[in-house]
Amino acid sequence: MGQKIAATYSKLKEFASIIILGIAIAIFTFPSIHLSYNIGIDPPMMWISNFFFNTQWEVAQNVIFPHGPLAFLVYPTISNIELAISVEVLLKIFLSAQLVRLIDSKNSLRWLIGFVGAYGVVLLSNFIFLLIFSIVLSYCNYFETSTKRDKYIALLLTGFAFYIKSYVGIITCIISGSFLLYEAIVKKKYKLFIVDALVLWAFIFTLWLAMYGTGTGFFRYCFGLFNLAQDNSSAAAYYPVNNWWYLTPFLIFTFGYPLVYRSKRSLFFAALTTLSLFAAWKHGMAREDVYHIRGTYHYAIITFLLFYIFNRKQQLSFLVFAGVALALFNLNMQNAYAYQARTYPLLDGVVNLVTYIERLDAIKVHAQKVTQKNIASNRLPQKIVQEIGNATVDVYPWDYTIIPANGFNFQPRPILQSYAAYTSWLDLQDANHFKSDQAPTYLIWDLNKITTGLDIGTMSSLDYRHLLNDEPQTMLTLLQHYELWYQDKNYLVYKQRKYPLQTTSSIIRTNQTTWGEWVKSPSNMAGLLRAKLSFDKALVQRMKSFFYKDEQFFIYLKFADHSIQKYRIVPKNAVDGLWINPFVIDPTHPHKQKKVVAIALDASNKKILTDALTIDWEITDFVNAPNCPNSFFGKNQPSYATVAKSIQLFEYPMDSSWTDYPKSALTQTEAFSGKNAFRVEPSNYSCSYKITLDSSWINQKIQISTSCWVKGVDLEASKKISLVTSIEHEKESLLWKNEKLSTHLLDGTAWNGMTQHLQYTPQKKGEQLQVYCWNNSQQPILIDDLQVSIQLLKD
């Protein structure tokens, strides 16, 4: 009897110690509280996630987006901060407890290792990582003790994670799937595999029923996550320079260490985590901005730390090799887009907790004031707000703070932000929505988007894409079902048509082409002209896309005024049609609409791509509304105001606007077009386009569009090669703008098009415009087709 009491006391003491340690970790890592949100691309998701949970939970049932219906726990606002903090604290305690349980009870340093290990893991973890590694630790403890509770807690947490964000849902399903396969293949427990797989599905489905009270939409949501999980690197990747001398040793160690430190434990850990670690690698390297790549870095650190604890051999050599591998990854991470060094607040948790307890109400009041100030710029005219009243409203393309700023009745589409509809199926969900009974009465098109692009107008989308190409099927549906109701310099407001427009679409021509080849567009066509692009993926491209990321793809548009525009495209939805004519740049300016006369397609690393491209030219006629593609954007007809244009082909004497050049610099072996290209030596300049700006343009805004094709440089050299536009008056510099080739470089061994567009208002008589290419690198380059176009802009 005494032994039983002693054993019970020992277990209670152990349990209490573990809980105290977990609470201590939660206190020392208590987060700082930020409850306000702002306008833009990502910040509005903070509002929308909490809005769904607070007021329109049933509406989220139709949403398929990287942010799931429980994302408010990751991005809490004033209404849900207590719940979010409570769940996060419980996860920290649970993770800490699971980690301590994993350490050998006979280890004299158990509590020290447990505290340091748990503190390190939690410090590097956001809410998502707390979920992921709580699941990993639960499966590890099940391997160690065969306690079913650990396994089913892991399965339950996987079901919970499924609705947080697509990233954590996919990662945790990979981990749980890996565990189930380990049970079936290694342990030969086939019946248990089936039972546990059904239990996981039951947890996921039961949570859906708990949220929505019906199974409707569940399988569509699952298939939506599958689409979101498909390789989207061609849609959303950055391409900084990676040092593979750093990354290769990291990858060899990351995916090879379980074999070097081989044991039953290491093989189980590898089976459990390798695929998820690969998914984390893909997630970070596909986007490769500092936020995503640092997530991969932290994921690797935590994985190595947990292996060191779980494997129990605790070899010094593992720590050394892991440290070297992580140091190499960190060195390469500094090349990531928008890289900034990060500091880790080691001792701020206690202060944050005290602030949370003492000042939460004041924090909420302050956050509310800051938020209202942040989103005030998204208010529409009061008269328009009143006329819309309680009618349903959606926002395009992504800034949903327009809804709370105006108090609109929100009716969201399935893919909340246009750039995320990067497959035909995802695009189709939005298109079907706008045809359905769930379509909003009004659609507010935000013209003042916060984004970076190569465009000069308001039609830029994310990552140098054109907004009208984000969702080709949806865009056609909008033209059919909505008409322009109100317009100002900030917004286009559309109202649902009483009767949809009837349309007929047909393929009028098919071109077989290859990368970099200009293809003339069909001319004198009424209606909407789109180019449907298709090509087969080569095996090497598929392999690179799977293990790393896909290439980047661009379309060049040549206009009647000789100017060239360049936009990024996504092959997966380019097959549904790239918008060609009438080409809309900026609805707020009637002249910012051009006629495309030819297109060319280009890509990085073309040597691993198939050369055969197919372009199907599709014309869509709008019955009884032939001018719909124009009128939809508030334009009655195209308007052009080109006042000067010229192109230097290096083929024959040009007009007097061009300076002379040495004929010895011409080469006939590698011309982009025609027979000749021009060689620009290191630290030298090309010939220049020089004119005096017409005095009639004084105090009128002009747009200067320039373009050039360049070949023969690597990425480092491309940072020192520029397309320059300058304006001077009596040797006084009034404007000097250089567009670096590095922004446009796709393949250093091929021709790369670079474009520059700027606006300027002449103030003095006799101002001199000059355009030229400047090679400030140490490599000679070839240039061809240097073009200049000037348009007079009238508001």
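Student: Which residues is tyrosine 491 in contact with, leaving aside its neighbours within four places in sequence?
Tutor: Tyrosine 491 is in contact with Ser377, Asn378, Arg379, Leu380, Ile402, Ile444, Trp445, Asp446, Leu447 and Tyr486. Contact means heavy atoms within 4.5 Å. This is a predicted model, where local features need pLDDT of at least 70 and side-chain atom pairs count only at pLDDT 80 or more, while totals for chains, interfaces and linings use all residues. Residues are numbered from 1 along each chain as its sequence is written, and side-chain values use heavy atoms, with hydrogens and water left out.

Student: How far apart are tyrosine 491 and leucine 380, in sequence and in space?
Tutor: Along the sequence, tyrosine 491 and leucine 380 are separated by 111 residues, and from C-alpha to C-alpha the distance is 8.1 Å.

Student: How do you know whether tyrosine 491 is buried or exposed?
Tutor: Its relative accessible area is 2%. Buried means under 20%, exposed over 50%, and partly exposed in between, with a 1.4 Å probe and protein chains only. So tyrosine 491 counts as buried. This residue sits in strand 5 (residues 491-496); a strand is a DSSP run of E, at least two residues, and a helix a run of H or I, at least four, both numbered from the N terminus.

Student: Is histidine 433 buried or exposed, and why?
Tutor: Histidine 433 has 8% relative accessibility, so it counts as buried. It belongs to helix 18 (residues 424-435). Beyond residues up to four places away in sequence, histidine 433 touches Gln411, Pro412, Arg413, Pro414, Gln438, Ala439 and Pro440.

Student: What makes a space a cavity, or a pocket?
Tutor: On a 1 Å grid over the protein atoms alone, a cavity is a set of points where a 1.4 Å probe fits but cannot get out; a pocket is an open set with protein on both sides within 12 Å along at least five of seven lines, and lining residues have an atom within 4 Å of a point. The whole structure holds five cavities of 30 Å³ or more.

Student: How many residues lining the largest cavity are called nonpolar, polar or charged?
Tutor: Nine are nonpolar, three polar and none charged. Ala, Val, Leu, Ile, Met, Phe, Trp, Tyr, Cys and Pro count as nonpolar, Asp, Glu, Lys and Arg as charged, and the others, Gly among them, as polar. The lining includes Met45, Phe52, His67 and Gly68, and helix 2 (residues 44-54) gives the largest share, four residues.

Student: What about the second largest pocket, and its volume and lining?
Tutor: That pocket holds about 1,100 Å³. Its lining has 34 residues, with Tyr239, Pro240, Val241, Gln552 and Leu715 nearest its centre. By class, they divide into 14 nonpolar, ten polar and ten charged.

Note on methods:
Points joined across faces, edges and corners; volume = space filled by probe spheres on them.
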